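Reader: Could you walk me through how the helices here are described, and what the words rest on?

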Amino acid sequence: MSGEFAAPKGIPDYYPPASADFLAVREALTSAAHRAGYGHIELPIFEDTALFARGVGESTDVVSKEMYTFADRGDRSVTLRPEGTAGVMRAVIQHGLDRGQLPVKLCYAGPFFRYERPQAGRYRQLQQVGIEAIGIDDPALDAEVIAVADEGYKSLGLSGYRLELTSLGDDTCRPQYREALQQFLFGLDLDEATRERAAINPLRVLDDKRPEIKEMTAGAPLMLDHLSDSARDHFAEVRAHLDRLGVDYVINPRLVRGLDYYTKTTFEFVHDGLGAQSGIGGGGRYDGLMRQIGGKQELSGIGFGIGVDRTVLALAAEGVSVASQGRVQVFGVPMGAEAKSELVALAAQLRAVGISVDLAYGDRALKGAMKAADRSGARIALVLGDRELAERTIELKDLSNGQQQKIALGDVIGTVQQVLATPVS
């Protein structure tokens, strides 16, 4: 490592060329959401700590172990956001979005923060794209949310993942199931911390990754076997809609997400190419969340959070790159001060019509400047020297096939557009 400073432990930097894949993944996932009518929401990086304690759940690892919490200068307890759903619901309540057309459909993207043990795909600053559909309890909407994530993955060319699906029931059946599960768990030789967790939220014990706990709970009662008629019908409708949409899934009756607010439809996308950190995204329905964080209405919601970092790793595991090959489309090579001045202006004109352009700055020799053009990934090099300036012409070189032509300066934009529209031979 060179230099005095480094990024904080567990926080990745994304820089060229790898950052191009990161941006392409984020754009593909948000584009899939926008096509389904989800509007953008920009959330605060930090919120009142109580929002996450009440909304995410006191018994979760996120709240009990992983939050970045501190007192601000007004001695208020604030927390860097560990997830997006609670913040979205807070914004919906605060700004009265729930009093308009329902469902409220929102999409967000950005960094989230959890103090975890860093490893591949598990970062302390994790990047996510999320959507939330709030205000309507409709199995077709559940299916849409899942299908948006599936479409985003497919648009990237990702194929080696599976969708795991279950139902966590509703208020009519969860209490009885909770009692049955606790009765089972309290009959086991659990350590004190796990026994406390079983008392607060027994479902969280089924999410314990320790092999000895997994073995002990192998015979635990399952929520799918205790669903009420309404919850069972809801789950059946979700599956029927997914079948119509062509979204493949497997039922995983032991699926438990790491947040307390999930009810009914719950899902996770898993990619086995990532080793231990195999989850690349997931979500579910959260029927009681609005009431938990102080909303006057009791509105249902469903959403997902997709890990951009993990999706990038999943693509790499499959050998798929989604970044465009070139950093820019056109690279200008000026030979002399006057030529540079002309090319600076010409680059601005090309950018104004949507063409990406870079220049060889620093008065490089022709050989070095052409190497820079090759490294940029540009399709076209524009070479301008004193002779061409006097003639009001410019050399255009198609770097994909080596063909060169001399064109009038006034024809550059049209000719560049024509070459870029021509498939690489």
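Reader: Which residues of α5 meet α10, and what makes that a contact?
Author: Contact means heavy atoms within 4.5 Å. In this predicted model, Pro139, Ala140, Asp142, Ala143, Ile146 and Ala147 of α5 meet His234, Glu237, Val238, His241, Leu242 and Leu245 of α10. Numbering runs from 1 along each chain, as its sequence is written. Local features need pLDDT of at least 70 and side-chain atom pairs count only at pLDDT 80 or more, while totals for chains, interfaces and linings use all residues, and side-chain values use heavy atoms, without hydrogens and water.

Reader: Why is α5 called oblique to α10?
Author: Helix α5 (residues 139-155) and helix α10 (residues 229-245) pack at about 45 degrees, their axes 8 Å apart. Angles under 35 degrees count as roughly parallel, over 145 as roughly antiparallel, 65 to 115 as roughly perpendicular and the rest as oblique. The angle therefore makes α5 oblique to α10.

Reader: What makes α6 roughly antiparallel to α7?
Author: The axes of α6 (residues 174-185) and α7 (residues 192-200) come within 9 Å and cross at roughly 165 degrees. That angle is over 145, so α6 is roughly antiparallel to α7.

Reader: Which residues make the contact of α6 with α7?
Author: Arg178, Gln182 and Leu185 come from α6, and Ala198, Ala199 and Ile200 from α7. By class, there are four nonpolar, one polar and one charged; Ala, Val, Leu, Ile, Met, Phe, Trp, Tyr, Cys and Pro count as nonpolar, Asp, Glu, Lys and Arg as charged, and the others, Gly among them, as polar.

How values were computed
Axes fitted to C-alpha atoms, helices over the stretch in contact; angles between N-to-C directions. Helix = DSSP H or I, 4+ residues; strand = E, 2+ residues; numbered from the N terminus.
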